Amino acid sequence: MSAPSLTRRDAAATLTPPPRRRKKLRIGAYLCIALILLVFLFPLAYLLNTALKSNAEFIADPVGIVRDPQWGNFLDAWNQGNFGSYILNSVLYTGVGAAIGTFIALVMAFPVSRGYIRGGKWWSILFVLVLFLPNALITQFQLLYRLGLYDNRLGYVLMVGVGVGIGPLLFSGFVKSIPTELDEAAALDGVGYWRYLFSFVFPLAKPALATIFILQAVWIWNEIILATVLLADPSKFPVTVGLYAFKGTYSNQWPLLAAATFIVAAPLIVGYIFIQRYLVSGVLGAVKG
């Protein structure tokens, strides 16, 4: 006589851990989350603590908790760093540059992921290698200079926009979750390639494209090296260049520098709170694909 087979309910009961073990696993998960949260929040808390100190208090105790908060440091940092004129430049560079990078990732990664062009595997390897290549500052400077785009907002936007980073790799992974039958059905209905790409793929891939846009925007907002090399007119500087105003020849204004750093990072922190769900869904979609 053959052994009786397990029913679905019996199998589920066998795989489900006992209540005591589930409680321990839940507590362990909460502890891991608390530890990760502490690791990420501690630098912000330390930065804020430094930004609220006076120069004398910082010199006396650099790592101690602030006793007399100097909230005026943020106003002084805003005025001294000239952030009022720089921040509009950063908004322009970040918005346009991230849109260009997202468009390039969409147009480049979709045919590679689908195998519509030859050497798709080599293109995927190239996407990975690009992440480890150094930034060719001299070449970029010479290119913009000879094109007449040196010290030009358009030249800087184009240069940061083409730095797609992980965008094509992330989008190519997400496209694999879109069934190829949709491509075949659109082709049978006579839908052209570009119309299909922007009318069908674009709406389905909004989480991945939003993630790519966010990652690109974070990089462009924090970018400072290209700005100092490709821009010479102070009226065209992004907000990150304003941090140089707090660097002295013999000493630095550390509390004001910390306040200025907090001002620069604040838009990203606030923005991440509202757009984190798009980031998570886009990354999970790419991993599943």
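**View 1. Surroundings of F246 in the predicted model.** Apart from its neighbours within four places in sequence, F246 is in contact with A77, Q80, G81, F83, N252, Q253, L256, L257 and A260. F246 is also named, together with F83 and Y156, among the residues with the most contacts inside the largest nonpolar core, a set of 34 residues. The elements that give two or more residues to this core are α2 (19-51), α4 (72-80), α5 (83-114), α8 (153-161), α12 (206-222), α13 (225-230) and α14 (254-288), and the largest share, seven residues, comes from α14. A second, separate core of 18 residues includes F110, V175, A208 and I212.

View 2. L230 lies in helix α13 and is buried, with a relative accessible area of 1%.

**View 3. The aromatic pair of Y93 and Y156.** The count of aromatic pairs in the model comes to 17. In the pair shown here, the ring centres of Y93 and Y156 are 4.8 Å apart and the planes lie at 70°, so the arrangement is edge-to-face. The pair links distant parts of the chain, with Y93 in helix α5 and Y156 in helix α8, 63 residues apart. Y93 counts as buried at 1% relative accessibility, and Y156 is likewise buried, with a relative accessible area of 1%.

**View 4. The stacked pair of F103 and F198.** The rings of F103 and F198 are stacked, with 6.1 Å from centre to centre and 15° between the planes. Because F103 lies in helix α5 and F198 in helix α11 (residues 193-204), this pair ties together parts that are 95 residues apart in sequence. F103 counts as partly exposed at 45% relative accessibility, and F198 counts as partly exposed at 34%. Both rings belong to a cluster in which ring pairs link F103, F110, Y116, Y193, W194, Y196, F198 and F200.

View 5. Among contacts between residues at least 6 apart in sequence, 73% join residues at least 24 apart. The accessible surface comes to about 18,200 Å², of which 69% belongs to carbon and sulfur atoms.

Terms used: Residues are numbered from 1 along each chain as its sequence is written. This is a predicted model: local features need pLDDT of at least 70, side-chain atom pairs count only at pLDDT 80 or more; totals for chains, interfaces and linings use all residues. Side-chain values use heavy atoms; hydrogens and water are left out. A nonpolar core is a set of buried Ala, Val, Leu, Ile, Met, Phe, Trp, Tyr and Cys residues joined through side-chain atoms within 4.5 Å. Buried means under 20% relative accessible area, exposed over 50%, partly exposed in between (1.4 Å probe, protein chains only). Helices (H or I, at least four residues) and strands (E, at least two) are DSSP runs, numbered from the N terminus. Contact means heavy atoms within 4.5 Å. Accessible areas come from the Shrake-Rupley method with a 1.4 Å probe; for residues, only the protein chains shown count as cover. Rings of Phe, Tyr and Trp (its six-membered ring) pair if their centres lie within 6.5 Å; planes under 30 degrees apart count as stacked, over 60 as edge-to-face and the rest as tilted.
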